[in-house]
Amino acid sequence: MPDDQRCLLQLIQKNRLRTYPDSFGPEQDICDISLWLRQKFPLSNARVLVNRHYTQRSREIAGFAVTSAAAQSACLAEMVFEAFLALGYKVQETGGDMYKCPSCSGNHSKHEKLTAYARIESALRARRPRLDS
Ligand SMILES: [Zn+2]
């Protein structure tokens with residue numbers, strides 16, 4: 001996929017890794033969770049809007065919202081919360097200044113979408129082993 005059509009988060013991630021090769025950023029996780037959610041609810045056109053405090057590092061976010069064309073936003077938000085926890089995130093609002101992360105546009109290759117789906121499903125399974133057996 002040419003760069004100008006790619007998801008903005010992927011471009012941000014690419015630029016960050018070019019400058020700071022081993023640095024962590026939440027871009028891939030936001031993409032994966034968004035892609036996973038849209039595959040579970042294809043008609044929802046769901047977007048995950050993540051807020052972070054400027055002081056937050058690693059797997060920390062201040063909060064998030066889910067917008068969707070469907071009426072089940074509250075239920076989607078619950079699932080997204082579980083997905084963030086399954087990836088090892090802490091969701092914590094500390095009262096400091098926040099910024100909004102860009103949301104995933106969904107412009108990903110089919111392979112990336114499948115990988116995202118498998119990754120989030122397996123993270124959720126690992127988190128709730130008893131529910132699957
Ligand atoms: Zn994306």
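Cys 31, Asp 32, Ile 33, Leu 35, Trp 36 and Gln 39 of helix H2 meet Lys 113, Ala 116, Tyr 117, Arg 119 and Ile 120 of helix H4, where two residues are in contact if their C-beta atoms, placed from the backbone, lie within 7 Å. The residues of this contact between H2 and H4 divide into seven nonpolar, one polar and three charged; here Ala, Val, Leu, Ile, Met, Phe, Trp, Tyr, Cys and Pro count as nonpolar, Asp, Glu, Lys and Arg as charged, and the others, Gly among them, as polar. This is a predicted model, in which local features need pLDDT of at least 70 and side-chain atom pairs count only at pLDDT 80 or more, while totals for chains, interfaces and linings use all residues. Residues are numbered from 1 along each chain as its sequence is written.

Two packed helices are described by the angle between their axes and the distance between the axes. H2 (residues 27-40) and H4 (residues 110-127) pack at an angle of about 95°, with their axes 8 Å apart; the helices (H or I, at least four residues) and strands (E, at least two) are DSSP runs, numbered from the N terminus. Axes are lines fitted to C-alpha atoms, for helices over the stretch in contact, and angles run from 0 to 180 degrees between N-to-C directions. H2 and H4 are therefore roughly perpendicular to each other, since angles under 35 degrees count as roughly parallel, over 145 as roughly antiparallel, 65 to 115 as roughly perpendicular and the rest as oblique.

From the helices we turn to the sheet. Three strands form an open sheet in the order S3-S1-S5, with antiparallel pairing, and two strands pair if DSSP finds at least two bridges between them. S3 and S5 are the edge strands, each of which pairs on one side only. Five bridges join S1 (residues 47-53) to S3 (residues 63-67), and within this pairing Arg 47 has Thr 67 as its bridge partner, while Asn 51 has Gly 63.

Not counting residues up to four places away in sequence, Cys 104 touches Cys 7, Leu 9, Ile 30, Cys 31, Ser 34, Leu 35 and Val 48.

Cys 101 lies in the loop between S5 and H4, and it is buried, with 20 other C-beta atoms within 10 Å. By contrast, Asn 45, in the loop between H2 and S1, counts as exposed, with 12 C-beta neighbours inside 10 Å. Asn 45 also has a positive phi of about 50° although it is not a glycine.
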